[in-house]
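Here's a quick run through a few local features of this model. Have the sequence and the coordinates open as you read.

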Amino acid sequence: MYGRIDLREFYDGLDAAFERKDAVETRRYLERWLEEAKRKDDASGIVAVSNELGGFCRAIGETGRAKEIYRQVLDSLEKMGLAGTEHYATALINEGDVFVNTGERKEALERFLKAKELLVECGLSGDYRMAALCNNISMVYRDTGEFDKAEKSLDIAFNIIKGLPQCRGELATTYINLGQLQVRQNKLEMAKESFGEACRMFEEDGGGDVHYSAACAGLGEVCYLRGDKDNAVKYYEKAAALIERDFGQTEYYRMMMDNLEKVRRM
């Protein structure tokens, strides 16, 4: 059967599903719409829903499924003649994010750098997606110990995102990445300020952002490294509660609970 799914209806329903904070129901919603797009042989609809489903699977730790989804997205875009577009760049970024989660840094960096070239070619050097991408590139360089390159990528991200007041969430996420880099550099006081700024922004915006937990986890780590047990427990507990609220008791949630138990045994 040929046709098109109603993307506006899909995204409206997805926003409502995320607001309910029910990970199981959100997963069912996404899978249901993907099946409908496939049933109608709607290539653009399949790509749109798959991008959202892949991101959700990555967030809850189902990286194998996320890789499979993004590979299918890239293949579909190539068949549609869209390999040189911003849509292809977005799919590369999404696939790279999964490789970051699985610790495959070389593969992640390959995707990110290719996506960066595409965004430049598409005239999107100052776009929020470039800021998000430079954040991701910074994370890879941080994990490989290339701190100078990590700092340069974060500088690009800050320069872009500070000129886009509508992208406060991305700015807060950039502060989280800066804090994580500063922890690796043992700049704990500076890291505390960066994570604190991210938390402040998330709280001012209602506290519903799914990255809020990462800012709290960062503060918990800083407090732990500084020997501040009470505040480490406080922030790890908050991070765990936010992860459970947004995604359920995933692998990331269990890791946070392990950190919490380690601090409590100090």
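Helices here are DSSP runs (H or I, at least four residues), numbered from the N terminus. This is a predicted model, with local features needing pLDDT of at least 70, side-chain atom pairs counting only at pLDDT 80 or more, and totals for chains, interfaces and linings using all residues. Residues are numbered from 1 along each chain as its sequence is written, and side-chain values use heavy atoms, leaving out hydrogens and water.

Q: Where is D41 found, and what is its phi?
A: D41 is in the loop between α2 (23-39) and α3 (43-59). Most residues other than glycine have a negative phi. D41 is not a glycine, yet its phi is positive, at about 55°.

Q: Is N186 buried or exposed?
A: N186 lies in the loop between α9 (168-184) and α10 (188-204). Buried means under 20% relative accessible area, exposed over 50%, and partly exposed in between (1.4 Å probe, protein chains only). N186 has a relative accessible area of 60%, so it counts as exposed.

Q: How do α12 and α13 run relative to each other?
A: The axes of α12 (residues 229-247) and α13 (residues 251-264) come within 9 Å and cross at roughly 165°. Axes are lines fitted to C-alpha atoms over the stretch in contact, with angles from 0 to 180 degrees between N-to-C directions. Angles under 35 degrees count as roughly parallel, over 145 as roughly antiparallel, 65 to 115 as roughly perpendicular and the rest as oblique. So α12 and α13 are roughly antiparallel.

Technical notes: Helices (H or I, at least four residues) and strands (E, at least two) are DSSP runs, numbered from the N terminus.
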